Amino acid sequence: TDEADGRFHFAEKSNRAGVGNAGADAKRFKVWNGPWTAEDKDGMIVLSAVAADRSIMLRLRPSRAPVVHGRDGVSLKGREKGQASHYYSLTRLETSGTLTIGGRLETVKGLSWMDHEFGSNQLSEAQVGWDWFGLHLDNGMDLMIYRIRRADGTIEPVSSGTLLLPDRTVVHLPLEAIEYSVRDAWTSPVSKAVYPSRWKIMIPDHQIELSISPTVADQELVTTHSTKVTYWEGSVTVKGSVGGQPVAGAGYVELTGYAKSMGKVF
C-alpha cells in the first residue's frame, strides 16, 4: 500500500506442488511458490518475491514470543464439531530490507505481524465471512480481533480476540468483552461489494477506545488467477485512548465474504 500516492499493489501466483514449483519443507520453515519464498535463516524470517516491476526482500526478527490465541490453545470458529483451529501470531517482527517499485530501489525498515493458523474444518454454510484486525499500539499493546459473520446478519458467538499487554501478559477477549461499530462504508468499483471502511472498537474492561481508518480506501484483492476469492485486506491507522491517555497505532484489517459468501469455501 503506497499511502503517499493512495495506490494499492498486489500480485498472485499459482504453481503445482508435484513438480517442485511450490511447496513447504516438512523439516524446517521454508515455504515457496516459484521465486516467492518465506524461510528461516539464522533465526530470522526472510521474505522474497518478484512480480513485474515490483519486488521485496525483507528480513524479520521476532522481538516478542509467539502469542497463542483462544482458550487452551484452541481458537473456536463455530459451534459445529471440528470448527476450530490452532492459531498463533508473531505480533512484532523487527523488519528491514529492500522494496522495488517501477525500477526504484528503496531501503526500508518497519514492524511486521505474522499469523499462522491451521485446522481441520471450514466455515459452515451459515457463515459468510469474517472481519479480522491486527493492531500495534504505540503504548506497547498489540490487539487481535476476529468476528465471524453469519448469513442472518448476526456474529458467531465464539468470535473473540486477544490483547497483549506491554508487560507481555496475554488476555483472551470473548466476544462480549468487545464493543464494535462501523462508521463508514466503501463500494468497490470492480466487484461492487460494499465493505465497512471505518470502525470504533472499545474494550471497557481495559479502558480501551479506538478509532480505526483505512490508509487507502481501495485495498481490494480480486484473485482471478489463483484462489478466485475477492476480499479487502489492507493497512489502517489507529487513534484513541487507553486508560484515558492518548494512543495511536497502525495495523492491518481483512474483510471477507462481502463480494461472495465464504461459507464452505474455507
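Buried means under 20% relative accessible area, exposed over 50%, and partly exposed in between, with a 1.4 Å probe and protein chains only. This is a predicted model, in which local features need pLDDT of at least 70 and side-chain atom pairs count only at pLDDT 80 or more, while totals for chains, interfaces and linings use all residues. Residues are numbered from 1 along each chain as its sequence is written, and side-chain values use heavy atoms, with hydrogens and water left out.

Start by selecting Arg92, which is buried at 13% relative accessible area. Asp142 lies in strand 11 and Arg92 in strand 8, so the pair ties together parts 50 residues apart in sequence. Strands here are DSSP runs of E, at least two residues, numbered from the N terminus.

Next, select Arg149 and Asp131, another salt bridge, with closest N and O atoms 2.7 Å apart. Arg149 is in strand 11 and Asp131 in strand 10 (residues 127–137). Arg149 is buried at 12%, and Asp131 is buried at 3%.

Then go to Arg79 and Glu156, whose side chains meet in a salt bridge (3.0 Å, N to O). Both sit in loops, 77 residues apart. Arg79 is exposed at 59% relative accessibility, whereas Glu156 is buried at 1%.

Finally, select Arg28, Glu39 and Lys41, which are linked in a network of salt bridges. The whole structure has eleven salt bridges.

Conventions: A salt bridge is a side-chain nitrogen of Lys or Arg within 4 Å of a carboxyl oxygen of Asp or Glu. Helices (H or I, at least four residues) and strands (E, at least two) are DSSP runs, numbered from the N terminus.
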